[in-house]
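Trainee: Could you walk me through reading side-chain contacts? I'd like the general idea, then the case at hand.

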Amino acid sequence: MGVPGPFPSFAGAPDGPVMGREEVDRALAKLAAEHEAIESSLLALQDHAGRRLLEGAELTGVTKDRWSTTEQAISLLWSYFDAYSEALTRARELRSRHRWPTQEELTELTELLCGTAITLPSSATLGGSPLLSEELSLDRLVDRMNRWYAEALGVIVSADAVWSALPARIDMLSAELHRTRSLAHSVGVRPGEHPSGDDLEQITAELTALRAEVVCDPLAFWKPAGGSSAPGGGSPDTERYDRSARALEDVRREIEAVLDVRQDAERRLMRLRDVLSRADRTLAEARQARGEVLAKIAASEVPAVSGPPTALHEQLVAAADYRRRSQWHRLSPLLESLEQRADDELLRARESLTAVTAPLAVRAELRGRLDAYKAKVARHGMAEDSMLVERYDVARRMLWSAPCDLRVAEQAVLRYQQAAAEALVPRQTGPADEGIEGGTK
């Protein structure tokens, strides 16, 4: 009760049955100090803001049950204090009769100060069977008052601490929730259309319910401190609040991601259109080249060329529709998938073009080799050699006619190379010739 403890005089009472005059005076002085401390504590409890809030609130649950008991305890505390005051007044009056009290007066004072001289009415107990009356000593009376005062103060302080902490924090989080909902609505994150919109609805409902529960049943949100016996020892239970705060932070990050997607969506869509357009043009070029190869190259396996990526184009149209309807949660994963697949499609189209035009590249390489050897032979003055001219004409006819049989043409070029090499054996090969031979092997 904000007091040092039970009456000090009882702990220091003499072993004999009757207290002396000085002992009585010391006991009365300490009782007076204790009386003043008890009265101050009860008045502070009466004026406590938490008590006034509890009296005016519509309580439910744990708080309703505990406050009902606490109100009864506070009422009994004042009854106990009145009994305590009466006993102290009687003791003072008895002591004031004589400067030197008689033995009979000392015996009566001892009984009043140390015996069971206080009779309480039937309402003197809490949580037990009511008694018609109860006799207590002053020390037991003060012990009980101290215990009930601590319990009452614990209820009031705990409820007040919860009310001081949680509703304000919930209101601040609700204000942040309102701002987040406005931002979410502006970017198309709405309930039923985006998962984060549904999350915002759930967070809103949870905060509304949480605030109502905190206001009506604050003690349901109090965590007592383990091992603490001090009134109000513990802290508000913020688990549900913290869970809502984390959920709101997750939604806020998701909305930031949506904003990034929205700002970046048009650029990514333009790039996708460009990549797929290049893939289409490359495939068209490959199909055209395949027709040319089939017309100009004989006895060659030319791979087929697939058509344009219709599925990708359809999904690109769907992505543009998501962009128009602000369905960012669908657009973002679709763009990521499309970007990878579009790049793969362009690579496949380029590989297809390379594979289709490979026979033309082989023919071009054979033509280059044939002309290089002809130039080499001419530098050595053997351009008019009849065998070389004949073999050159045969190879050239094969390479410059359509359709060209690459296998036969390659053999003709090899025969010309061998004949040229045999004709040039007696001659010294110069540095320039070595360069040509090295480059045409």
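Trainee: Is Trp-78 buried or exposed, or something in between?

Mentor: Trp-78 is partly exposed, at 24% relative accessibility. Buried means under 20% relative accessible area and exposed over 50%, with partly exposed in between (1.4 Å probe, protein chains only). Phe-81, at 5%, is buried. Keep in mind that this is a predicted model, where local features need pLDDT of at least 70, side-chain atom pairs count only at pLDDT 80 or more, and totals for chains, interfaces and linings use all residues. Residues are numbered from 1 along each chain as its sequence is written, and side-chain values use heavy atoms, leaving out hydrogens and water.

Trainee: How do I read a pair of aromatic rings?

Mentor: You look at the distance of the centres and the angle of the planes. Rings of Phe, Tyr and Trp (its six-membered ring) pair if their centres lie within 6.5 Å; planes under 30 degrees apart are stacked, over 60 edge-to-face, the rest tilted. That rule gives 3 aromatic pairs. One of them is Trp-78 with Phe-81, edge-to-face at 6.1 Å and 90 degrees.

Trainee: And which salt bridge links Asp-171?

Mentor: A salt bridge needs a side-chain nitrogen of Lys or Arg within 4 Å of a carboxyl oxygen of Asp or Glu. Asp-171 pairs with Arg-211, the closest N and O atoms being 2.7 Å apart. Asp-171 lies in helix H6 (residues 138-186) and Arg-211 in helix H7 (residues 195-216), so the pair ties together parts 40 residues apart in sequence. Helices here are DSSP runs (H or I, at least four residues), numbered from the N terminus.

Key:
Helix = DSSP H or I, 4+ residues; strand = E, 2+ residues; numbered from the N terminus.
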